[in-house]
Amino acid sequence: MVPDIGRGSRTHGLLVYLYGPGRREEHTDAHLVGSWDGFAPDPGRDTSPDPDPKATLARLTAALDLRVKQAGDRAPAQHVWHCSVRTAPGDRRLSDEEWNAVAQRIVHATGIAPDGDPDGCRWIAVRHAEDHVHMVATLVRGDLRNPRLNYDFNKAQAECRRIEKEMGLRRLNAGDGTAAKNPTSAEKFKAERTGRAETSRETLREAVRQALAGADDEKEFFTRLHEAGLRVKVRHAPSGDALGYNVALPGDRNRHGDPVWYPGSKLAPDLSLPKIRLRLADGTALRTTAPAADGRADGAEPARERRSATGLAERAAVLLDSGDDGEAAAQLVGVGELLDAVAQTSPAATRTELAAAARTFERATRSHVQAERADTRALRSAARGIVRAGGALGRGEDGGTTAMLLSTLVLVTLAAAHWHSARGHAQQAHASRQAAEHLRAAYGRAAATPMQALRDQGRALPEAERRIHQATIRAALPGAALRADSSSTKTDALTATLAQAERAGHDPKALLQQAIDMRELDTAEDVNDVLVWRLRRLAQLPAHPGEATRRPKSGTRQPKTPTNRTSNRTTPATGVRPVASSPRNHPSRR
C-alpha cells in the first residue's frame with residue numbers, strides 16, 4: 001500500500017479532477033467512501049429528486065473550504081492536503097467500507113483529524129478506481145488553527161505498513177527517510193505526454209550520478225555535467241563561492257516557457273553540493289595515469305581497468321562481510337560509483353541491464369549508517385579509471401574482463417543485501433537483491449562467449465590431464481559446494497583454467513584453494529563461474545581464453561592463502577594492495 005501526499009491551493013479544481021473522467025478516461029464511478037462527519041454531499045451518488053452534479057460539487061467545495069474562509073489571512077496559502085493511497089498489484093479488491101477505514105486511519109495518523117478531536121480538519125475520501133482512494137482535506141481546524149503535520153508522509157507510510165499486516169495485503173518494505181524523492185504525478189503525466197520513457201527527475205538523477213562517478217574534483221564534475229548535455233546553473237554567494245547547483249534537461253520547460261530546474265538535493269539526498277564536496281574531498285579518486293592527448297589515461301585500456309576493479313570489488317565484499325559499519329557503508333558508496341562507471345561504458349549487449357542495476361543499487365548506497373568517506377578512495381579510483389578508459393568492446397579481452405567484473409559484482413550486491421538485512425534496512429536490501437538480478441542477466445550475456453571457449457578447451461584436454469584437474473576440483477570443493485551445477489561436464493571451464501594456470505607456472509591445488517578461501521561461495525549461483533574468474537585474476541591469466549598467457553614473476557608460484565579479515569590498512573584477501581598505494585602498482589597491472 002503506497003501513499004502519495006501533495007499540497008495545493010484550489011479545492012474546487014482538485015474535486016473537478018477527482019470526479020471527472022481522468023486524463024485517460026480511467027476514472028469510473030467516482031463517489032465518496034468517507035468524510036469528516038459521514039454526511040458530506042456526494043456529486044457521484046446524489047440521491048436527490050433532481051440531481052445536479054455541478055451544484056453538488058460546488059456545495060462540497062464550500063463545505064470543505066468553510067473554515068479556510070473563516071480563518072482569512074491566517075489560513076495557509078497551500079491549504080489543500082491531498083493524499084492518494086494505492087494497493088499493490090495482486091492485492092485483493094477492498095470494499096468501500098474498508099477504504100473508509102483506511103482513510104480514517106490515515107487522517108488520524110497524520111494529524112489531519114485525530115480520533116475524538118471535534119476540531120479536526122474537514123476531509124473526504126473519493127474512490128474512482130478499484131485499487132486506490134484519494135483523501136482531500138483543508139488545513140484549517142475547527143478552532144481556526146493550522147494542524148501539526150510534521151512528517152506526515154512518514155506517518156502515513158508507517159500506518160500503511162500496519163494496515164497491510166492487519167488486512168492481509170502485500171507488505172511493502174518500510175522506508176527510513178533516506179530514499180530519493182519519487183517523481184510526482186504531474187511529472188509522470190508530462191513524461192507520458194511527451195513520449196519519454198521516464199521523468200526528467202529520474203533522467204537527471206542518473207546523469208548526475210554518472211558525472212560524479214570517479215570525478216577528481218568539483219570542476220571535473222561540472223564539466224562532465226555540461227558534456228552530458230545538461231543545462232547547469234550554479235548558485236553563488238556574494239563572495240563568489242558556489243552554494244549549490246541546479247540542472248535541467250534541454251527542451252524541458254514549464255507552462256511559462258522557462259527551463260524546469262532541479263536542485264541536486266531534490267534529485268537525491270547525497271547529490272547536494274555540500275554532500276558531493278564531502279565525497280570529493282574525503283574520497284578523492286587516486287589518479288591512475290596521466291591523461292593522454294586524446295583524453296584517455298595513458299594506456300588505460302578498458303580490459304586493464306576492469307581487471308583492476310575486480311580485485312577492489314572482491315575487497316568490498318569482504319569488508320561488507322566482516323568490516324565495521326562505517327567501513328562497510330563507505331564500500332557501498334564506492335560500489336555505487338563503480339556500477340555507474342561500468343554502466344556508462346558498457347557495450348550495447350549489456351548496457352540496459354547494467355544501467356538498471358546501477359539505478360536500482362543507488363537506493364542501497366544510502367542509510368543512516370555514517371560512511372567513512374576515506375574508504376571510498378580505491379573504488380572511486382577504479383570508477384575513474386573505467387570512465388577515462390572509455391567504452392569497452394563486447395569481445396576479446398574487453399568482453400572477458402567485463403564478465404570477470406560482473407561475476408564479482410553479483411556477489412558484492414548480495415553481500416550488500418545481507419548487510420542491509422542484518423540492520424533492518426528493508427528497502428536497501430531489496431534494492432541490492434534487484435541489482436544482483438540485473439547483474440546476473442548482464443553477466444550471462446557478457447560471459448557467454450569466453451565461457452563457451454573455455455568449456456571447449458576443457459573438453460579438448462588430454463584425458464589424463466583432464467582427470468587430474470577434475471580430481472583436484474573434487475578434493476578442494478566440499479560436496480555441498482559441488483551441487484548439481486558442478487558435474488564433470490559443468491566443470492570444463494574450471495578444468496581448462498587450472499590447466500592454463502599450471503602451464504603458466506602455478507600450483508593448481510594451491511591456487512584453487514586460494515580462490516575458494518577468498519570468501520564464501522554459498523551465494524554464488526554457479527560456483528564454477530565464480531572460481532574461474534577468481535583463478536584467472538589471481539593467476540594473471542587473460543580473461544578471454546584466446547589471449548596469450550602471462551607467466552608469473554619469480555616467487556609467485558604458490559601464493560599465500562589469504563584470510564577473510566581485512567581492513568583498509570592491510571593487504572586484502574583478494575591480492576589487492578592497500579588503498580593508500582597507487583592503482584598503477586596494482587598486481588593486476590604488473
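This is a predicted model: local features need pLDDT of at least 70, side-chain atom pairs count only at pLDDT 80 or more; totals for chains, interfaces and linings use all residues.
Trainee: How many residues does H6 have, and what should they span?

Mentor: H6 runs over residues 200-212, which makes 13 residues. At 1.5 Å a residue they should span 18 Å, and the end C-alpha atoms are 18 Å apart, so the two values agree.

Trainee: Is H6 mostly covered or mostly open?

Mentor: Mostly covered, with 12 of its 13 residues buried.

Trainee: Which ones are buried?

Mentor: Among them are Ser200, Thr203, Leu204, Ala207, Val208 and Leu212. The buried residues also include Arg201, Arg205, Glu206 and Arg209.

Trainee: Now H10. How far does that helix reach?

Mentor: Helix H10, residues 302-322, reaches 30 Å from its first C-alpha to its last. For its 21 residues, that is close to the 30 Å expected at 1.5 Å a residue.

Trainee: And how many residues of H10 are buried?

Mentor: 18 of the 21 are buried, so H10 is largely enclosed by the rest of the structure.

Trainee: Is Cys160 buried or exposed?

Mentor: Buried, with a relative accessible area of 0%. Cys121 counts as buried too, at 2% relative accessibility. The cut-off for buried is under 20%.

Trainee: Next, H16 and H19. At what angle do they cross?

Mentor: Roughly 40°, and the axes come within 10 Å. H16 covers residues 463-476, and H19 covers residues 508-517. The crossing is right-handed.

Trainee: Which residues make the contact?

Mentor: From H16, they are His469, Thr472, Ile473 and Ala476. H19 supplies Pro508, Lys509, Leu512, Gln513 and Ile516.

Trainee: How do those divide into nonpolar, polar and charged?

Mentor: Five are nonpolar, three are polar and one is charged.

Trainee: Back to His469 in H16. Why does it count as buried?

Mentor: Because its relative accessibility is 2%, and buried means under 20%.

Trainee: What is His469 in contact with, leaving aside neighbours within four places in sequence?

Mentor: His469 is in contact with Thr495, Leu498, Ala499, Glu502 and Pro508.

Terms used:
Residues are numbered from 1 along each chain as its sequence is written. Side-chain values use heavy atoms; hydrogens and water are left out. Axes are lines fitted to C-alpha atoms, for helices over the stretch in contact, and angles run from 0 to 180 degrees between N-to-C directions. Helices (H or I, at least four residues) and strands (E, at least two) are DSSP runs, numbered from the N terminus. A crossing is left-handed if the near helix is turned anticlockwise from the far one by less than a right angle, and right-handed if clockwise. Contact means heavy atoms within 4.5 Å. Ala, Val, Leu, Ile, Met, Phe, Trp, Tyr, Cys and Pro count as nonpolar, Asp, Glu, Lys and Arg as charged, and the others, Gly among them, as polar. Buried means under 20% relative accessible area, exposed over 50%, partly exposed in between (1.4 Å probe, protein chains only). The expected span of a helix is 1.5 Å times one less than its number of residues.
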